[in-house]
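Open the structure in your viewer and follow the stops below in order.

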Amino acid sequence: MKQKTSRVIVAVLAIALIVGAYYYFAVYRSVSAEDNVELTEVQKVITKDLETNYPATPREVVKLYNRIQECFYNETYTDEELYALGDQARMLFDEELLENNPRDSYFSALKSDIADFQAKSKTIMSSDVCDSNDVHFQTVDGDECAYVTAAYFLDEDKSYSRTKQMYVLRKDEDGNWKILVFYRIEGDSSNE
């Protein structure tokens, strides 16, 4: 009887070992292999789930928008990726900005702007968003608004310049900060 029990235990252990090995190679190793795949910056931005992981602050919204801008003007991508990037950018826009920039018009203007950038051999070397303490909050016509400044360091065929933009964001009904408008801050900002 002891011999039969020993064989059953050995058989159960052998089966457990086989199942464990199968699990390791089939599941764990395939996940590890996928984890080692290096995504491009464009793919990282495109795969960011803004429905469930929307930026929490106005500053974070502008930082993400700047990442998208750097992808538009500095990276290589397919037409499909361009549209996915643009749709990510549009998810950061306030309803009023979306209404004033229908999707087809937005992409037409975007493609033209990218072509102009490339024709001038222009790239965004870096972008910087103001500190949290420098974000200005104000209530305008009953809406919570935030004013965020961003600076861009540009290279145009080895000629460097710096420009600044002001982003005005408005909090929507879900509590998310959305870009309402943005504009270039005038003046010589290349000497700052």
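Select R103 and D87: they form a salt bridge, with the closest N and O atoms 2.9 Å apart. R103 belongs to helix α6 (residues 103-119) and D87 to helix α4, so this pair, 16 residues apart, links distant parts of the chain. R103 is partly exposed, at 36% relative accessible area, and D87 is partly exposed too, at 29%. Note that this is a predicted model.

Next, select K120 and D116, whose side chains meet in a salt bridge of 3.5 Å, N to O. K120 is partly exposed at 37%, as is D116 at 35%.

Move on to E60 and R59, another salt bridge, at 3.9 Å from N to O. Which of the two is buried? R59 is, with a relative accessible area of 18%, whereas E60 counts as partly exposed at 33%.

Now pick N66 in helix α3 (residues 58-74). N66 is buried, with a relative accessible area of 1%. Leaving aside residues up to four places away in sequence, N66 touches S127, V129, A150, Y152 and Y167.

For the surface, select M125, F153 and Y160, a nonpolar patch with about 300 Å² of accessible area together. M125 sits in strand β1 (residues 122-129).

The last stop is the second largest pocket, which holds about 310 Å³ of space. Of its 16 lining residues, M91, E95, D172, D174 and K178 lie nearest its centre. Elements giving two or more residues to this lining are α4 (79-91), α5 (95-100) and β4 (159-171).

Key. Residues are numbered from 1 along each chain as its sequence is written. This is a predicted model: local features need pLDDT of at least 70, side-chain atom pairs count only at pLDDT 80 or more; totals for chains, interfaces and linings use all residues. Side-chain values use heavy atoms; hydrogens and water are left out. Patches are made of residues with over 30% relative accessible area and no salt bridge: like charges are joined within 9 Å, nonpolar side chains (Val, Leu, Ile, Met, Phe, Trp, Tyr) within 5 Å. Accessible areas come from the Shrake-Rupley method with a 1.4 Å probe; for residues, only the protein chains shown count as cover. A salt bridge is a side-chain nitrogen of Lys or Arg within 4 Å of a carboxyl oxygen of Asp or Glu. Helices (H or I, at least four residues) and strands (E, at least two) are DSSP runs, numbered from the N terminus. Buried means under 20% relative accessible area, exposed over 50%, partly exposed in between (1.4 Å probe, protein chains only). Contact means heavy atoms within 4.5 Å. On a 1 Å grid over the protein atoms alone, a cavity is a set of points where a 1.4 Å probe fits but cannot get out, and a pocket is an open set with protein on both sides within 12 Å along at least five of seven lines; lining residues have an atom within 4 Å of a point. Grid points are joined across faces, edges and corners, and a volume is the space filled by probe spheres set on the points.
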